[in-house]
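Please look over the sequence and the model before reading on.

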Amino acid sequence: MKNTKTKFTLRNEKKPPVCEYKSKVTYGRDGKRRNYVCSQIATSEVIRRSQIYLDLIGGKTKLTKRDKQDLIALTLQNFDNFVNRGFIDYRKSVAEADDYAAIEWSGRGSILCDILGRKFIDCLGGFGIYNTGIKHPKVVKAVSDQLKRMPLSSQELLDPLRGALGEMLGEIAPGDLQCCFFINNGTDAVEGAMKLARMYTKKTGFISTLGGFHGKSFGSLSLLGKASYRKPFEPLLDNIHFVPFGNAKALEEELKKLTALGVEIAAFVVEPVQGEAGVHVPPDDYFPQVRAICDRYKILLILDEVQTGFGRTGKMFACEHWSIVPDIMCVAKSLGGGVMPISAFISNKKIWSVLEKNPFIHSTTFGGNPLACAAGIAAINVILSEKLADKAAERGEYFLKGLRAIAKKYPKHLKEVRGKGLLIGLEFADEKFGYRVAAGLFKRGVLVAGTLIGVKTIRIEPALNIPYKLIDTVLEKLDDTLNVLTR
Ligand SMILES: Cc1ncc(COP(=O)(O)O)c(C=O)c1O
C-alpha cells in the first residue's frame with residue numbers, strides 16, 4: 001500500500017502526543033496517571049518537529065493538499081492536548097467550516113485566508129487590533145527593519161523609539177495627557193492606571209460599570225462587571241463599586257452614598273463605548289456630566305480606550321466626541337498596527353510626578369521594546385496620514401445605514417443595530433440565533449466577533465479602511481443569512 005504519511009500526519013491517534021514528550025507524571029485522556037521519562041529520542045523528536053515548522057514559517061515547504069489537511073488535523077490535536085481543548089468546541093471556525101476546520105494562514109488589509117486558501121472578509125478585526133488592516137506594509141516594514149537592527153531593549157541604554165513614540169502619543173492624546181508608560185496588553189495598561197490612581201490620590205477604592213470589560217488580570221478583573229468571569233476567582237480586590245453604564249445620576253448617587261459612609265475612592269474607570277458588553281453607546285451628555293462629577297468629588301477619571309482608541313469610533317480617541325479629557329487614559333490593541341502587541345497608560349505631568357521619584361516603582365521587561373515601538377510609530381503615521389478616523393466615521397455611517405435597512409426586514413430576529421464609527425453591534429433576539437447568524441456569515445466567508453459565550457450581540461469591527469465594495473458584500477451576506485435562517 002502506498003505510504004500516505006506526510007510531515008504533519010497525526011503522531012499517534014490512539015495515544016495522544018501528550019504522552020510522548022513529558023518527563024514527569026502526566027495524565028492521559030482517560031484520566032489515568034502515567035509516568036514518562038524524558039529520553040534522547042523525545043528531545044531529538046522535538047528538534048525534528050521544530051525544524052519542520054521553521055521550514056514552514058520560512059516558506060521552504062511546499063504544502064500539498066494532503067499536507068494541509070494533515071496540518072489542520074494536527075493543529076486540532078495540538079490544541080486538544082497542549083493548549084486548551086475548550087477552544088475546539090467553542091470556535092465557529094472549527095465547528096462550522098464545511099469539511100475542514102479553518103486554520104489561519106495569511107491576510108492582507110480586510111481579507112484573511114485559511115490554509116486551504118479560503119478567503120474571509122475580516123469584520124472582526126482581531127477584536128480591534130486591525131484598525132490599519134492586516135499586515136499594513138508600512139508597519140511590517142518598520143518592524144522588520146527594526147528587527148534587523150535591534151529587536152529588544154538592553155534594559156540599560158535609552159531607546160530612542162520609546163521616547164519618540166511617547167512624544168507622538170503625548171501629542172495626539174487629548175488635552176494635557178502627555179506622559180506614557182508602555183506595556184504589552186490592554187489589561188497591563190489598566191493595572192498600571194489603577195496603581196497610578198492609587199498612588200496619586202492615596203485612596204484605594206474604584207467605581208466601575210456593570211458589564212464593563214477591562215481585562216482579566218487581578219486588578220482589571222476586579223473592575224469587570226460580569227459575574228461569569230469574576231466568580232471563579234473571588235475574592236477579588238475589595239472596595240470596588242459598580243454603577244450602570246451611561247447613567248451619570250447613578251454615578252453621583254453612588255459617590256454621595258460612599259462619601260456619607262467614609263469610603264474613599266481613587267477613580268471611576270469606564271469605557272467610552274462599552275464593547276464586550278455588546279456595543280453600548282452612552283447618551284451624549286453622559287461623559288460631560290461624568291467629568292464634572294469626578295471633579296466635584298475629587299476622584300480621577302480613567303478612560304479605557306483600549307478598544308475605542310486610534311480612530312475606531314470616528315475620532316482619534318472616543319472621548320473627543322464629547323470634548324472631555326480623562327485624568328488617565330488606557331490604550332492598546334491597534335497601537336501596534338496589527339503587527340506587534342503594545343499598550344500604554346497615559347496621564348498628565350502633575351499626576352505622573354508620583355512615578356518619577358523612583359522610576360522602577362512600576363516597571364516591565366518587555367514593555368515599550370523597540371519592535372513594539374517601531375510598530376506604534378508606524379501605526380500612528382498610517383492612522384494620521386491615511387485619515388483613518390475620518391474613514392471610520394464615513395464608513396461607519398454607511399455600514400449602519402445598510403444594517404438598519406436589513407434590520408427592518410427581520411424585526412423579530414435582529415432587534416437593534418447600534419454603534420459609533422466602525423464599532424458596531426447587532427443585537428439578536430437570543431444567543432442561539434446570534435450564534436447561528438455568526439456561523440452562517442462564517443460559512444459565507446465573513447468573519448464577525450460572535451462567540452458561543454456571548455453572541456446575543458455580534459460585533460462588527462473591520463479595518464478602518466475597509467473598501468465600500470466589501471461592506472456591500474457583507475450586507476448582502478447578512479441579508480442572505482437572515483433570509484435563510486428565518487424561512
Ligand atoms: C475595553 C477593554 N479593556 C481592556 C481589554 C483587555 O485587553 P487585553 O486582552 O489586551 O488584555 C480589552 C480587551 O478586549 C478591552 O476591550
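## Basis

Residues are numbered from 1 along each chain as its sequence is written. This is a predicted model: local features need pLDDT of at least 70, side-chain atom pairs count only at pLDDT 80 or more, and totals for chains, interfaces and linings use all residues.

Helices (H or I, at least four residues) and strands (E, at least two) are DSSP runs, numbered from the N terminus. Strands of a sheet pair through backbone hydrogen bonds, either parallel or antiparallel.

## The seven-stranded sheet

Seven strands form an open sheet in the order E6-E12-E11-E10-E9-E7-E8, and the pairing is mixed. Two strands count as paired if DSSP finds at least two bridges between them. Strand E6 (179-183) and strand E8 (240-243) are the edges, each pairing on one side only. Neighbouring strands of this sheet are turned by 20° against each other on average, direction ignored. Axes here are lines fitted to C-alpha atoms, for helices over the stretch in contact; angles run from 0 to 180 degrees between N-to-C directions.

Ile183 stands opposite Ser343 in E12. Strand E11 (residues 328-331) also runs antiparallel to E12, with four bridges. Here Ile328 has Ser347 of E12 as its bridge partner. Ser208 has Phe242 of E8 as its bridge partner.

Is strand E12 (residues 343-347) mostly covered or mostly open? Mostly covered: five of its five residues are buried. A residue is buried if 20 or more other C-beta atoms lie within 10 Å of its own, exposed if 12 or fewer, and partly exposed in between; C-beta atoms are placed from the backbone. Ser343, Phe345 and Ser347 point one way from E12, and Ala344 and Ile346 point the other way.

Helix H12 (residues 248-261) touches E7, E8 and strand E9 (265-270), and its direction makes about 145° with that of E8. Helix H13 (residues 286-296) lies across E9 and strand E10 (300-304), running at about 145° to E10. Contact means that the C-beta atoms of two residues, placed from the backbone, lie within 7 Å.

## The three-stranded sheet

A second open sheet has the order E13-E14-E16, with antiparallel pairing. E13 and E16 are its edge strands, each pairing on one side only. The twist averages 15° from one strand to the next. Six bridges join E13 to E14, and Glu416 has Glu427 of E14 as its bridge partner. Helix H17 (residues 431-443) packs on this sheet, touching E14 and E16, and makes about 35° with the direction of E16.

Strand E14 (residues 423-428) is joined to E16 by four antiparallel bridges. Leu426 has Ile458 of E16 as its bridge partner. E16 (residues 457-460) is covered on both faces: Thr457 and Arg459 on one side, and Ile458 and Ile460 on the other, are all buried.

## Leu414

Leu414 belongs to strand E13 (residues 414-420). Why does Leu414 count as buried? Because 24 other C-beta atoms lie within 10 Å of Leu414. Leaving out residues up to four places away in sequence, Leu414 touches Ile406, Ala407, Leu426, Phe428 and Leu482. Leu414 and Ala429 are 15 residues apart in sequence and 6.4 Å apart in space, C-alpha to C-alpha.

## Two helix pairs

Helix H16 (residues 388-409) and helix H18 (residues 468-485) pack at about 20°, with axes 10 Å apart. H16 and H18 are therefore roughly parallel. The cut-offs are under 35 degrees for roughly parallel, over 145 for roughly antiparallel, 65 to 115 for roughly perpendicular, and oblique for the rest. Arg395, Tyr398, Phe399, Gly402 and Ile406 of H16 meet Tyr468, Ile471, Leu475, Leu478, Asp479 and Leu482 of H18. By class, this contact has eight nonpolar, one polar and two charged residues. Ala, Val, Leu, Ile, Met, Phe, Trp, Tyr, Cys and Pro count as nonpolar, Asp, Glu, Lys and Arg as charged, and the others, Gly among them, as polar.

Helix H7 (residues 137-149) and helix H15 (residues 370-385) pack at about 155°, with axes 8 Å apart. That makes H7 roughly antiparallel to H15. Residues in this contact include Ala142 and Leu147 of H7 and Ala374 and Val382 of H15. The contact divides into 12 nonpolar, two polar and one charged residue.
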